[in-house]
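Hello,

Here is the structure for you to look over. My notes follow below it.

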Amino acid sequence: MKKLAIVERVCLIGHIVSMVFGLVGILLVVPNAEVILNLSEVGQTVMQWSMAGGGVAYMILGAVGVFLYAYRTLGLGRTLGFLIPSLGISLTSELLGTSTGFPFGHYSYLSGLGYKIAGLVPFTIPLSWFYVGCVSYLLARVGLEVDKKPSLLRHLSAIALGALLLTSWDFVLDPAMSQTSLPFWYWQQPGAFFGMPYQNFAGWMGTGSLFMTVAALLWRNNPLKLERSQLNIPLVVYLANFGFATVMSLAAGFSIPVLLGVALGVAPAVALWLRGPSASAAVEATTKEVSVASVKVAFK
């Protein structure tokens with residue numbers, strides 16, 4: 001497990017570094033092509049690699065890092081119980097969206113995000129649904145104490161809130177990534193919300209809610225027992241990806257989506273993390289259980 005933890009941290013650090021490197025490339029280098037000409041041969045090679053594969057690398061590293069984190073903290077069964085539905089359902093939604101316009105609206109992916117499945121959806125896109133969806137759902141589920149005080153209302157609330165965190169990330173990411181100097185997708189029928197159709201948000205909420213519901217059903221007989229410290233990585237991954245989208249949007253002049261994302265994504269994510277049980281609370285609960293057991297034995 002220690003070796004897996006090391007690989008996990010390397011992947012997550014690489015994920016964040018790749019995003020920073022991507023921001024430098026998209027916001028500074030691409031608009032100022034003469035910068036590349038002034039670099040050394042090695043620098044030019046690195047920059048060319050970054051432009052060609054940087055987007056693919058940061059998504060793969062994020063997916064691998066979150067998968068290893070989930071495997072280490074949740075176990076293989078629960079990890080696959082989230083991975084498989086999230087990949088399958090998100091890919092299905094994306095294929096439908098790019099070919100029919102349902103459920104997100106009419107859009108198409110450009111180059112820069114890797115091989116396209118069926119010539120429509122880059123293979124990295126379902127990976128991003130997985131890793132951002134996973135950290136969003138974990139924050140919501142643990143923060144709402146679904147496994148400590150299980151009820152249908154808490155389960156539904158965690159699914160809805162997890163999907164909202166996921167969608168809030170897209171509030172900020174989508175306007176910038178589709179309208180930068182180096183766009184990764186474009187809307188065939190631009191919508192009223194900074195180029196996005198409102199239908200897109202319904203598609204995100206619906207897709208996220210669907211695979212989180214499947215995961216919740218698969219986890220129903222295997223409750224989670226996570227402390228706040230074990231939610232550090234989900235929070236960092238969520239905030240790092242939100243930060244990447246924020247810089248992109250602010251650079252493009254989109255401040256309202258950022259404010260909306262902070263209100264509906266960042267603030268709830270931090271609040272849910274703070275609601276996670278601390279290590280001392282977990283120890284206290286265990287001590288009480290032992291004490292009660294001792295009293296029962298004494299009466300016997």
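**The largest cavity**

The lining of the largest cavity has 13 nonpolar, two polar and three charged residues. Here Ala, Val, Leu, Ile, Met, Phe, Trp, Tyr, Cys and Pro count as nonpolar, Asp, Glu, Lys and Arg as charged, and the others, Gly among them, as polar. This is a predicted model: local features need pLDDT of at least 70, side-chain atom pairs count only at pLDDT 80 or more, and totals for chains, interfaces and linings use all residues. Residues are numbered from 1 along each chain as its sequence is written, and side-chain values use heavy atoms, with hydrogens and water left out.

The volume of this cavity is about 190 Å³. Among its 18 lining residues, E94, Y109, D170, W185 and W204 are the closest to its centre. Helix α6 gives the most to the lining, five residues. At least two residues each come from α3 (41–74), β1 (107–109), α5, α6 (152–177), β4 (185–187) and α7. In total, the structure holds two cavities of 30 Å³ or more.

A cavity is a set of points, on a 1 Å grid over the protein atoms alone, where a 1.4 Å probe fits but cannot get out; lining residues have an atom within 4 Å of a point. Points are joined across faces, edges and corners, and the volume is the space filled by probe spheres set on them. Helices (H or I, at least four residues) and strands (E, at least two) are DSSP runs, numbered from the N terminus.

**Aromatic pairs**

There are 22 aromatic pairs. The rings of Phe, Tyr and Trp (its six-membered ring) pair if their centres lie within 6.5 Å; planes under 30 degrees apart count as stacked, over 60 as edge-to-face and the rest as tilted.

F82 and Y137 are stacked, at 6.1 Å centre to centre and 25° between the planes. They link helix α4 (residues 76–100) to helix α5 (residues 124–143), 55 residues apart.

W129 is in helix α5 and W204 in helix α7 (residues 199–218), 75 residues apart. W129 is buried at 1% relative accessibility, and W204 is buried at 8%.

**Helix α4**

G101 follows α4, with a positive phi near 95°.

Regards

Conventions. Buried means under 20% relative accessible area, exposed over 50%, partly exposed in between (1.4 Å probe, protein chains only). On a 1 Å grid over the protein atoms alone, a cavity is a set of points where a 1.4 Å probe fits but cannot get out, and a pocket is an open set with protein on both sides within 12 Å along at least five of seven lines; lining residues have an atom within 4 Å of a point.
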